[in-house]
Amino acid sequence: MSERHPIIAITGSSGAGTSSVTRTFENIFRREKVSAAVIEGDSFHRYDRKEMRARQAEAERSGDKHFSHFGPANNLFEKLEALFRSYSHDGTGQRRKYLHDSVEAAPYAQEPGTFTAWEDLPAHTDMLFYEGLHGAVVTSEVNIARYPDLLIGVVPVINLEWIQKLWRDKHVRGYSTEAGTDTILRRMPDYVNYIVPQFQHTHVNFQRVPVVDTSDPFIARDIPTADESLCVIRFANPKGIDFPYLLNMIDNSFMSRANTIVVPGGKMELAMQLIFTPFIWRMMERRRRASGAL
């Protein structure tokens, strides 16, 4: 953790909804005039799309049915930890982009599914903002979770997570339901060992819970809407959280435990704005003081 060079990390599985949390923070940064160095978790995968497919086919031929993007073999955990360490020390580091589709790839004249070259972070940013799969990974070799000043988990209940992933794979990426199911099964050991344990290190968890039937996620035709959901927000350390204020500002919210507030799913973004804007204020104030600006 660093007062002069704070880090915010959003961590969650594929299909969890981390991108929607990122949009909320982008709005806060814009409104509060915060300059953030943005890090995309996919850019720390070890292999590009073509090589990953080749290695996956090789793994399956050798009997490995659990080759996935979730585990350490296919990610640059050490390089991600080095970035967090470097930024927290002096605000420097390197990043690259993973070009998901032709729109992202066009400005770089590259193929979709490839990486751009590594480059230095912009100078004089206010904070680092990471969104991806591994913002709180701890293994015997790395401890990425110790660096973020604000660590947020996005963890929908598992059936909803699968529905969101299967819908995206089918409607955005053109995969069949069977292919999406195979991916879920292949990732399961790494999901259990490297994704789930992160949420014991997060400072705040957002868990969306549908209030409609999601018993069989593999036949669901639609993703439950925000208004068909509740959002469970758990604080690892509730000290300093103004729960009466949140309950007053968010209609139909309630406390389920001393460190947990439940809000209507449609109010999740409002809750994030109310919760995290003061966090950003405090980070910026500490940064100014530590930098000798006052």
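1. First, the ground rules. Residues are numbered from 1 along each chain as its sequence is written, and side-chain values use heavy atoms, with hydrogens and water left out. As the model is predicted, local features need pLDDT of at least 70 and side-chain atom pairs count only at pLDDT 80 or more, while totals for chains, interfaces and linings use all residues.

2. Three cavities of 30 Å³ or more are found in the structure. A cavity is a set of points on a 1 Å grid over the protein atoms alone where a 1.4 Å probe fits but cannot get out; points are joined across faces, edges and corners, and a volume is the space filled by probe spheres set on them. The largest cavity has a volume of about 100 Å³.

3. Lining residues (an atom within 4 Å of a point) of the largest cavity include Ser13, Ser14, Phe70, Trp162 and Tyr191. Both α5 (158-171) and α6 (177-195) supply at least two residues each to this lining; helices are DSSP runs of H or I with at least four residues, numbered from the N terminus. By class, the lining has six nonpolar, two polar and three charged residues (Ala, Val, Leu, Ile, Met, Phe, Trp, Tyr, Cys and Pro are nonpolar, Asp, Glu, Lys and Arg charged, the others, Gly among them, polar).

4. How do α5 and α6 meet? Their axes come within 10 Å and cross at roughly 135 degrees, where axes are lines fitted to C-alpha atoms over the stretch in contact and angles run from 0 to 180 degrees between N-to-C directions. Contact, meaning heavy atoms within 4.5 Å, involves Ile158, Trp162 and Leu166 of α5 and Ile184, Met188 and Tyr191 of α6, among others.

5. The second largest pocket holds about 400 Å³ of space; a pocket is an open set with protein on both sides within 12 Å along at least five of seven lines. Of its 17 lining residues, Asp149, Leu150, His203, Asn237 and Phe279 are the closest to the centre. Helix α8 (residues 268-290) gives the most to this lining, with four residues.

6. Helix α8 also packs against α1 (residues 18-32), at about 50 degrees and with axes 10 Å apart, which makes α1 oblique to α8. Among the residues that meet are Val21, Phe25 and Ile28 in α1 and Met272, Phe276 and Ile280 in α8. This contact divides into nine nonpolar, five polar and three charged residues.

Conventions:
Angles under 35 degrees count as roughly parallel, over 145 as roughly antiparallel, 65 to 115 as roughly perpendicular and the rest as oblique.
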